Amino acid sequence: MDELIQELEQLMGDWMQSLSNMTYEEISAYVDSREQIIERMKSHSLSPMERNKYTARVQRLLQHDALILAKMNELRDEGLQGTSKINRGRLQKTAYETEFVPDSVFFDRKK
């Protein structure tokens, strides 16, 4: 169990160093890695005394969850702004490119 918590701490440390420059893909990879470690941790059955031993370390790791969530929300907001911008562009383009189906044909004649 010590190895798993240490692995999680290392992952969190690496993530915290590059937090401001992370992309959506990097955060997704981080979350996947973290989930795999946590799943392995769940497979260990611990006594209450062992749980108390690891509680402080786990609580320190959980304090960083707010930063992770804030970064994910920031990236989500950027994506929503980009999508909104694209939709506005499409709407403006549609206004200029009306589909025209001629119902009748007019001929101009010179008199």
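Biologist: Which residues of α1 are buried?
Modeller: The model is predicted: local features need pLDDT of at least 70, side-chain atom pairs count only at pLDDT 80 or more, and totals for chains, interfaces and linings use all residues. Residues are numbered from 1 along each chain as its sequence is written, and side-chain values use heavy atoms, leaving out hydrogens and water. Helices are DSSP runs (H or I, at least four residues), strands are E runs of at least two, and both are numbered from the N terminus; buried means under 20% relative accessible area, exposed over 50%, partly exposed in between (1.4 Å probe, protein chains only). In α1 the buried residues are Leu4, Ile5, Leu8, Met12 and Trp15.

Biologist: What arc do they cover around the axis of α1?
Modeller: The arc is that of the directions from the helix axis to the C-beta atoms. These residues lie on the same side of α1, because their arc is only 95 degrees.

Biologist: Which exposed residues does the face turned away from the buried side of α1 carry?
Modeller: Leu4 is among the buried residues of α1. The face turned away from the buried side carries Glu3, Gln6 and Gln17.

Biologist: Which elements do the buried residues of α1 pack against?
Modeller: Contact means heavy atoms within 4.5 Å. The partners of these buried residues are α2 (24–42), α3 (48–62) and α4 (65–96).

Biologist: How far apart are the end C-alpha atoms of helix α1?
Modeller: An expected helix span is 1.5 Å times one less than its number of residues. For the 16 residues of α1 (residues 2–17), that should be 22 Å. The model agrees, with its end C-alpha atoms 23 Å apart.

Biologist: In the largest nonpolar core, which residues touch the most other members?
Modeller: Such a core is a set of buried Ala, Val, Leu, Ile, Met, Phe, Trp, Tyr and Cys residues joined through side-chain atoms within 4.5 Å. Of its 16 residues, those touching the most other members are Met1, Met12, Trp15 and Met41.

Biologist: Which element gives the most to this core?
Modeller: The elements giving two or more residues are α1, α2, α3 and α4. With five residues, the one giving the most is α1.

Biologist: Beyond its neighbours within four places in sequence, what is methionine 12 in contact with?
Modeller: Methionine 12 is one of the buried residues of α1. Its contacts beyond those neighbours are Tyr30, Arg34, Leu61, His64 and Ile68.

Biologist: How many salt bridges are in the whole structure?
Modeller: A salt bridge is a side-chain nitrogen of Lys or Arg within 4 Å of a carboxyl oxygen of Asp or Glu. One of them joins aspartate 65 and arginine 34 (2.7 Å, N to O). That pair links distant parts of the chain, α4 and α2, 31 residues apart. The search of the whole structure finds six.

Biologist: Which residue does lysine 71 form a salt bridge with?
Modeller: Lysine 71 counts as buried, because its relative accessibility is 7%. The closest N and O atoms are 3.6 Å apart, and the partner is glutamate 74.

Biologist: What pattern does the protein follow along the sequence?
Modeller: The protein has four helices and zero strands. Read along the sequence, the pattern is α-α-α-α.
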